Each structure stands twice: as structure tokens, then as C-alpha cells.
Amino acid sequence: VKGRRLLVLVALAVLACATAGKVREYTQVIRQEIDKAKRSNAVRCAPKELATAEAQLAFADKELGFGNAGRAQDHIAVAQRNVQEALRLSASCAPMQVVITKQEKKIIEITKTDRDGDGVPDVDDLCPDVPGPAENHGCPYPKDSDGDGIPDDIDRCPLDPEDKDGFQDEDGCPDPDNDGDGIIDKLDACPNDPGPLENMGCPDIDSDGDGIPDRLDKCPFEPGPAPDGCPKKYTLVEVKKEKIEIKQQVHFATAKFRVLPDSFPLLNQVAQVLQDFPKMRVSIEGHTDNVGGEAMNMKLSQRRAEAVRDYLISRGISPQRLEAIGYGPTKPLASNKTAKGKGKNRRTEFRIISNE
Amino acid sequence: MVLRLALATIALALLAACGPVQTTAKLVDADREIEAARMAGAARTSPYEFTGAQAYYAKARELEGRARYEEAVQLAEHSVELAKLARTNAITASNRPPEAP
């Protein structure tokens, strides 16, 4: 009996040792699984299960230390259940990690197109399809065929260069004869003032106004008929710049407008002056004193001026060159209170209207 | 002689009672700390430490029942450490500003 009991005890001891060794192997396995669960973020995904597994594993170690393999096995079983659950939960739980990805910034790139490739973006290019410098807003400078600096598009003479002589230089056309006097500017002493060739293209000057330019007028400061421009030696009249001055009065019949014959020589010389100066136009002006009514004097002076005009016409002077005006007593030269004054006021004047 | 024997018996008895008393004190500490952690919301905000504290406390009680006082005290102390840690985590979590939606 003692031998059997001893055998049973030995068998139990061997069995216990074998169980404890197996449990230790299990604890190693469980420990590895717990580490795996921790790496799988079980602390966050399955904290209760992980904590329980760890505790149960520690308890199993304790129990093994006590030699209580059975109780240790119980803890191992609980630990294994929990670590498996922890692994399962961790597998379905996204790891807590912040993934900093380089977020590509969406860059809205506004590309400035330049179709003609002239360096001026189309948005600023007034001629986006034709290359041109930036100074001209991307447009080509217009062609200048004649090279006068005026582009063809505004050059009225695109093939003839502007002469740039200070006269109408903007139109692009050359102006060989600025003043149009028929003498080209290069030979014209006065290129901008018309004048005859004889005067080097400069305008003639007629100082005495007799219609004969000074260069042809032998008496440039005294009006005189052609061809020399010198005054003729009229005895009864004198040609002045403003009027034909008569040296005696024209006589009329008393209170009438008929010219008395003694005035014919005088009027003949007036007619001669008009013939000598064919471009001269004169105004025949009749004046009276204040004797009699003004209306009557006005009428009389008009009739007398017309009588003189008629006489000159009869002497071959064109009526278009003659005007007749009666002023009556309105333009006295002297006082009408004296006989002498009245005599001065009764007069006929020949005022030169024009001589050209 | 009798007196000596009596003193020796009392001393032995006191020594023998020291283990359970100390274990009980540690278990009370552990229980108090666990309760404090629970009040702080550690079960929700620090479940890993809180669960560990509870497990160690339970095992300590078990060992106490088996008169494994020394081991029971060790586990109870560990339970106290875990409970304190769980409570600290819970307080920290409650002071953290809520996450933006």
C-alpha cells in the first residue's frame, strides 16, 4: 500500500511539473500576443481587454510562483480570451495615428497667353495676333515706305518723303513750292510768300500804291501811271494816295447841276488820270453850303456828282469805276457863316476807292 | 515561566495579525483610490488603467482570502498606483477643451 501511495504521489508530482511547464509555455505565448496587441494600438482600441489580459498573465505568474499551476491555468485562460478579443478589436480599429500628408495646394495658375509671342500678354496686347513692341501696345509700327518718319497709314504721300521744311510737314507730302508762286523753294528767296521770279520769288512792294511795284516804279514813292510809275505833269489835278486833288472847283450853273464849260479842261484831266490809272476807281462826292434847305442841297449835290460822273463817262471812263454821292451840307470844310467859308464848302471831290 | 510563555504567545499573535491588518489597510486604500477614479470618470476616460486597478484589487482580495498577505499587499499597492494614474488621466481629460467639431 505504501508503495502504491508513493507511486501516486510521484505520478502527481510529475504531472504537476508537466502542467506547470506547459503553463509557462502558455504564458510566453500570451505575453507575445499581448505585445502584439499593444503594437496594434489595443491600449486605445481594447483597453479593458488588454488590461485584463496583462493582469491575468501577471496573476498566472504569481500562481505559478505559488506552485498553483491549476489556478495559473485559469488566469492563462482568461488572459488568452482577453488578448484574443483585444487583437480582434484592434484589427477593426484604425490606429490612432496622425498622417500628415503633404497636401498639394491647388494652384490656380492664371497663364498669360501670348499668341503672337511678342512678349506682350494677350490681355494687354491690342494686336494679339500680330507681333509688336510693348511700347506700341503689342502692335507693329506701321510701315513707313518713304522713310520720312510718318507711318504710311497717315502719310498722304507714302512713297514721297516729306521735305520737312517747316511748311505742312505733318501730311507726309513734300512741298517743293510752299507759296505756290511757281518758283521752287530752293530757288525762292521767300518760299512762303508768293512773288514773281523777277523778284526772286518774293512779293512785290508798291510803296506809293500806284499799282506799279517798286522794282518797276521809277518813282516808287510817288503814284504815277505806267510804264514808269512816275506822276504825270497834270496842271489842274494832282494824284495823291487817297484822292485826285483838283486845283480848281468844278463850276455848275446856279442852282442847277449842269457842268459849266469852263470846268471841262479840269474834268478832262481827271479823265486822263483815270485813263492813266486803268485800275483806279473813284468816288465823286458833291458838297454844298447851307444856303437853302438841306433836302434841296442833298438832292442838288447828288445831281451835280452824277453830272460829273456822266461827263467822265462821256470821256470814255467805265461807269463801273465811278461812284457819285451827294453829301449836301453835311460835310463842310469851313464855316458857312462867311462867304469865303461857304465857297470852300461848295466843292466836288474825287476820292480814290482803289487803285489795284 | 508561564509569564514568558504568555508574552511569547502574545508577541506571536501580534506578529501573526500584522499581515492581515496591513493587507486590509492596503485594500482599503486601493478601494478608496478606485472609487475616487470612478468618480472622476476614469472608467470612460482611462479604461486601461482603471480596469487594471480593478483586476489587481480583486486578485489582492483573493490572495488575502488565501492568507497570501505579502502578495496581496503587493497587488493592492499596484492597484493603488493604477487607480491614481487612472484618476489623474480622468482629471486631465476633463480639463481638456472639447475638440472642435
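A salt bridge is taken here as a side-chain nitrogen of Lys or Arg within 4 Å of a carboxyl oxygen of Asp or Glu. By this criterion, the structure contains 21 salt bridges over all chains. The model is predicted, so that local features need pLDDT of at least 70 and side-chain atom pairs count only at pLDDT 80 or more, whereas totals for chains, interfaces and linings use all residues. Residues are numbered from 1 along each chain as its sequence is written, chains are lettered from A and ligands numbered from 1 in the order in which they are written, and side-chain values use heavy atoms, with hydrogens and water left out.

Within chain A, E54(A) and K38(A) form a salt bridge whose closest N and O atoms are 2.6 Å apart. Because E54(A) belongs to helix α3 (residues 47-66) of chain A and K38(A) to helix α1 (residues 2-39) of chain A, the pair ties together parts that are 16 residues apart in sequence. Helices (H or I, at least four residues) and strands (E, at least two) are DSSP runs, numbered from the N terminus. N41(A), in the loop between α1 and α2 (42-45) of chain A, has a phi near 70°, a positive value in a residue other than glycine. A cis peptide bond, with omega of about 5°, joins A226(A) and P227(A); P227(A) is located in the loop between α4 (69-91) and β1 of chain A.

The interface between chain B and chain A comprises 14 residues from chain B and 17 residues from chain A, contact meaning heavy atoms within 4.5 Å. The two chains bury about 1,300 Å² between them, 66% of it on carbon and sulfur atoms; buried area is the accessible area (1.4 Å probe) that two parts lose on being put together, summed over both. On the chain B side, Y48(B), T51(B) and K59(B) lose the most area to chain A, together 42% of what that side buries. Three salt bridges are counted between chain B and chain A. A salt bridge joins the side chains of E62(B) and R71(A) (2.7 Å, N to O). In chain B, α3 (47-65) and α4 (69-95) each supply at least two residues of the side that touches chain A. The most is given by α3(B), with nine residues.

An open sheet of five strands in chain A has the order β1-β2-β5-β3-β4, with mixed pairing; two strands pair if DSSP finds at least two bridges between them. Strands β1 (237-239) and β4 (322-328) of chain A stand at the edges, each with a single partner strand, so one side of each is left without a neighbour in the sheet. Neighbouring strands are turned by 25° against each other on average, direction ignored. Three bridges link β1(A) and β2 (residues 243-246) of chain A in the antiparallel sense, with V237(A) opposite I246(A) in β2(A). Strands β2(A) and β5(A) run antiparallel and are joined by two bridges, and the bridge partner of I244(A) in β5(A) is F350(A). Seven bridges join the antiparallel strands β3(A) and β5(A), where V282(A) stands opposite I352(A) in β5(A).

Helix α5 (residues 264-276) of chain A lies across β1, β2, β3 (281-287), β4 and β5 (347-354) of chain A, running at about 20° to β1(A). Helix α6 (residues 294-314) of chain A packs on the sheet, touching β3, β4 and β5 of chain A, and its direction makes about 160° with that of β4(A). Axes are lines fitted to C-alpha atoms, for helices over the stretch in contact, and angles run from 0 to 180 degrees between N-to-C directions.
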